[in-house]
Amino acid sequence: MCGIVGYIGQRKAVDVLLPGLRRLEYRGYDSSGVATLNGNAGFNVTKTAGRIDDLASRLVQQPADGRVGIGHTRWATHGPATDDNAHPHLGGDGIVAVVHNGVIENFASLREKLQQEGYRFRSATDTEVIAHLIASCLEKQSSAPSTTASSNGDHAATQTGNTYALLVSAVQAALSQLQGTYGLAVLFRDYPDCVIAARLGSPLVVGVGSGEHFIASDTSPLAAYTDKIVYLADHELAVVTADSLRVIHRDEGMIEPTVSLLDFDAGDVELGGFPHYMLKEIFEQPEALRNTMRGRLSRDEATAHFGGLNLTPQQLRSVDRIIITACGTSWHSALVGEYLIEEFARLPVEVEYASELRYRNPPMNDGTLIFTITQSGETADTLAAQREMQRKGHPALAICNVVGSSIAREADGGVYLHAGPEIGVASTKAFTSQCVALVMLALYFGRMRHLSFPQGLEIIEQLEALPEKVQQALATNDEIRRVAEKYCQANNFLYLGRQYNFPTALEGALKLKEISYIHAEGYPAAEMKHGPIALVDENTPSVFIVPHGAVYDKVMANLEEIKARGGPVIAVVCDGDKRVAALADDVIHVPHAPDYLQPIVAIVPLQLLAYHIAVLRGCDVDKPRNLAKSVTVE
C-alpha cells in the first residue's frame, strides 16, 4: 500500500519525485524518502518519518541533484515509522538503492543468510533484504564471465546491452529468491543511466515521455507529464532509460510493451478549490453517476448494455447463481447488489468477503458466475479471490474504476465505472457508482428473465433522474454541518436501516470510523432488539435511514424503541416527511427515490456527516491514521 515514483530524463529528478509522492500520499504517509544519482558521484538519499511536507523541508536543507531518482511514501508493514525504516534502502556498500511496495514473506530467513555473508542491516524492514540481495547477486554476476546481450555488431550497443543484461540478471536472480509481493524500483550507483522496475502482486506503471520515462505505483503522478502509460504485469521487469523502455517477462523473455492512453488529465487529481479530496469527491457524485451510466441505457429495449462482459446472452442466461466478492466499501455495495439482482432477476446471490473467499472452498456448480468489485483494481484479497475462482473454472467479471488495473486485466470481462480518480482514502463516489453499475446489471439480468418492458423502462427513467436527486441531497451540506457540531464529541454512534438501507447503514458507520476515529456500528434496524439496544444511552446518537417504502412503519417502530430509552436520533428521511420530525432530534431531508435507489441518495448525507465531524474533531480527513487507499498487502 506504499507509493513508488521514479524518474529518468532531462529534468531535475527531485522536481518530479516530490510532486509525485504528494499524489501518492494516499497510499501511505508514515514516512517518505528519495534517492537520486548525479553521474558517478553516488547516491544522494534523503528520507524522514512523517509526511511529505517533512521530506520537502529536508530537501530544502539538503538539495538533491541528479536527473535520475526514485522515491517512496510508506504505509508501515515491517517496523515502525522511523527515519531508518523509511525507503529508499541501500544494498551492499551502497551500490544499490531500492523502493518497495508489498510484503516479502521469507525476509527473516533471507536476512539471516545475508547477515552470515557479512551484510549489515540498518532497518527493521523486509525491503532492506531486497536491496542487499540484489547487491549480493550483482557482485556475483559481475565476477562471472560475461555473455553477449546484443548481436547487432555495434560495439557500443553491445557493451550497453551487456550492462543491462548484467543488471537484469542480478535483479532476476534476487527476485527468484523472494516469496511474497513486490512493486520495485531499483537504482544502481555505478550504472546511473537506467532504472529497473519489477512487479509481482503490487501495481506498477511506466509513463512514456519524449526523452524521459516515469515510474509510479499508479497513474495519478504521471498525468501532469504524459498520457502514454505501460501497465506492468506480474513477473514483468522493465529496464527504463531516458530514451528507451524494455520489458522482460520471467517466462517469455523480451516482450513488446503495450502503450495505453490515460483516461483523465492532471486537473482531475487537483483539489479544485475544495479543502479536502473527500469533500471534492462527494460533490463529484452526480457527474460520476452520469459517467457510469453514459451510453449504457437503452430505452428502445428497456434494458442496459455493456460492451465488456465478454459472455454471450446465452451464457448469461445459463447462470443460476452469482457470487459477489469484495472488501470494505465495495463489500457494502455488493450487499446492495445482492438485493438488486435477487429482486430484479430472481437469481440467488451470495456476498463474500474476498479475504475469506480466497481461503475457502465453497461448493459451486457450473452455473456460478463471479463478480469482483473494487475501486482500485489492485486490492490484494479481491485479486486473490478472483484468481482462485478462475482457477476452478468459473468466469469472473469485475466492476472496477481503474483502467489497466490488475483485477480489470485478469478478469474475464466486466464494467468500468468511469467515476474518475478517487484520491480520498475514504471511498465516496466509487460506492455510489458501484451501486449504479449494479442497478444496471440487475436490470440487464432482469430483462433476460422476468422484467417486462414497462418495468425496465421505469427503472431507466428512475436512473436518469438519479444524478439530479443526488445533487439535491448535496444541498443539505450546511444543515449537516450544524448537526455535526451538535454531535462531534460523541464517542459512539449507531447506524440503522432496513432492506436496501441496511448496507447504507454499514457504509455510513464505516465512513465515520475511517476518518473521525469514532466507534460506530451499522445494523439492520430490527436487530437492535437482539443485543445492540443495550448500548443506547443519552450520549450515543442513533442515525436512522427512514425513507418511504415497504418497511417504513417497521423502521419507525424501531426508532420509537430508541427514543423510549433516551437515545438521541438523527433521521434521514424523504422530503415532506413530518412524522419522523415529531420524534427525531435532528432530521435530514433527501429527495424521494424508489427503494432500490435509496442507498445512492441516502448515503450522501451520511458521507457529509462523517466529513464534517472529522473536520470538527481536527482529524486529517484525506489521510486518516493507519489507513491507506489501495490495500495491496494481505
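**Sheets, helices and spaces in a predicted model**

Good morning. Contact here means heavy atoms within 4.5 Å. Axes are lines fitted to C-alpha atoms, for helices over the stretch in contact, and angles run from 0 to 180 degrees between N-to-C directions. Helices (H or I, at least four residues) and strands (E, at least two) are DSSP runs, numbered from the N terminus.

A word on the source. This is a predicted model, in which local features need pLDDT of at least 70 and side-chain atom pairs count only at pLDDT 80 or more, while totals for chains, interfaces and linings use all residues. Residues are numbered from 1 along each chain as its sequence is written, and side-chain values use heavy atoms, with hydrogens and water left out.

Two strands pair if DSSP finds at least two bridges between them; strand E18 (residues 321–326) and E19 have five, in the parallel sense. Within that pairing, Ile324 has Val351 in E19 as its bridge partner.

Is Asn361 buried or exposed? Buried means under 20% relative accessible area, exposed over 50%, and partly exposed in between, with a 1.4 Å probe and protein chains only. Asn361 has a relative accessible area of 62%, and therefore counts as exposed. From Asn361 to Leu232 is 129 residues in sequence and 30 Å in space, C-alpha to C-alpha.

I turn now to another open sheet. Its five strands follow the order E24-E23-E25-E26-E27, and the pairing is parallel. Strand E24 (519–524) and strand E27 (586–590) are the edge strands, each pairing on one side only. Neighbouring strands of this sheet are turned by 20° against each other on average, direction ignored. Strand E26 (residues 569–574) runs parallel to E27 and is joined to E27 by five bridges. Ala571 stands opposite Val587 in E27.

Which helices lie across this sheet? Helix H18 (residues 598–616) lies across E23, strand E25 (542–546), E26 and E27, at about 160° to E25.

Strand E2 (residues 31–37) and strand E3 (residues 43–49) pair in the antiparallel sense over seven bridges, and Ser31 stands opposite Ala49 in E3. Five residues lie between the two strands, and Gly39 takes a positive phi near 65° in this hairpin.

Finally, the empty spaces. Rolling a probe the size of a water molecule over the atoms shows where empty space is left. On a 1 Å grid over the protein atoms alone, a cavity is a set of points where a 1.4 Å probe fits but cannot get out; a pocket is an open set with protein on both sides within 12 Å along at least five of seven lines; lining residues have an atom within 4 Å of a point. Grid points are joined across faces, edges and corners, and a volume is the space filled by probe spheres set on the points.

The largest pocket holds about 610 Å³. Of its 40 lining residues, Phe264, Val402, Gly420, Pro421 and Glu422 are the closest to its centre. Helix H7 (residues 285–293) gives the largest share of the lining, three residues.

How many cavities of 30 Å³ or more are there? The count comes to two. The largest has about 70 Å³ of space, and its lining includes Cys2, Trp75 and Asp126.

The C-alpha atoms of Ala593 and Ala465 are separated by 9.3 Å, although the two are 128 residues apart along the chain. Ala465 is in helix H14 (residues 453–474). Thank you.
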